Amino acid sequence: MKKGIHPENYRPVVFKDMSNDEIFITRSTIAAKDTIEVDGETYPLVKLEITSSSHPFFTGKQKLVDTAGRVDKFMSRYAKHMQNKQK
């Protein structure tokens, strides 16, 4: 390997799946703003909306993950559209 082209700041980082609170500890260079304590150690925390532990392809379950209220927003826009169409 060539010297000087690979990052030097690899460190343990916690990735947290916000839909099911599953955590993964792995080494990464990603910048993290939050921290979390796991087993008495403090790690940088990266929050994720979906991971392999919650994605329907990997779990085999059809589960709707709606953290931003996208379905509710769509339903309200659709209801307004139907009201306008009836007038």
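A residue is called buried when its relative accessible area is under 20%, exposed when that area is over 50%, and partly exposed in between, using a 1.4 Å probe and counting protein chains only. Keep that in mind for Ser28, which is buried because its relative accessible area is 13%.

Before going on, a quick word about what you're looking at. This is a predicted model, where local features need pLDDT of at least 70, side-chain atom pairs count only at pLDDT 80 or more, and totals for chains, interfaces and linings use all residues. Residues are numbered from 1 along each chain as its sequence is written, and side-chain values use heavy atoms, with hydrogens and water left out.

Now for the overall layout. The protein has two helices and four strands, and along the sequence they come in the order β-β-β-β-α-α. Helices (H or I, at least four residues) and strands (E, at least two) are DSSP runs, numbered from the N terminus. Of the 87 residues in the protein, 16% are buried. The protein exposes about 7,400 Å², with 53% of that supplied by carbon and sulfur atoms; accessible areas come from the Shrake-Rupley method with a 1.4 Å probe, and for residues, only the protein chains shown count as cover.

Strand E4 (residues 41–48) pairs with E1 (residues 11–17) in the parallel sense, over four bridges. Within that pairing, Phe15 sits opposite Val46 of E4. Strand E4 is also joined to E3 (residues 34–38), this time antiparallel and by five bridges, and here Glu37 has Thr42 as its bridge partner in E4.

The E3 and E4 hairpin has two residues between its strands. Asp39 has a phi near 55 degrees, a positive value in a residue other than glycine. Is Asp39 buried or exposed? Asp39 counts as exposed, because its relative accessibility is 78%. Asp21, in the loop between E1 and E2, has a positive phi too, near 60 degrees.

Back to Ser28, which lies in strand E2 (residues 22–28). Leaving out residues up to four places away in sequence, Ser28 touches Asn9, Tyr10, Arg11, Val13 and Phe15, where contact means heavy atoms within 4.5 Å. The Ser28 side chain also reaches the backbone nitrogen of Ile30 at 3.1 Å.

Asp17, over in strand E1, is buried because its relative accessible area is 0%. Beyond its neighbours within four places in sequence, Asp17 has contacts that include Glu22, Leu48, Ile50 and Ser54. The side chains of Asp17 and Ser19 are joined by a polar contact of 2.7 Å. A polar contact is a pair of N or O atoms within 3.5 Å; within protein, one must be able to donate a hydrogen and the other to accept it, and residues adjacent in sequence count only if both atoms are side-chain atoms.

Finally, head to helix H2 (residues 70–86), where you'll find Val71. Val71 counts as partly exposed because its relative accessibility is 33%. Together with Phe74, Met75 and Tyr78, Val71 makes a nonpolar surface patch of about 380 Å².

Note on methods: Pairing = 2+ DSSP bridges. Patch = residues over 30% accessible without salt bridge, like charges linked within 9 Å, V, L, I, M, F, W, Y side chains within 5 Å. Salt bridge = Lys/Arg side-chain N within 4 Å of Asp/Glu carboxyl O.
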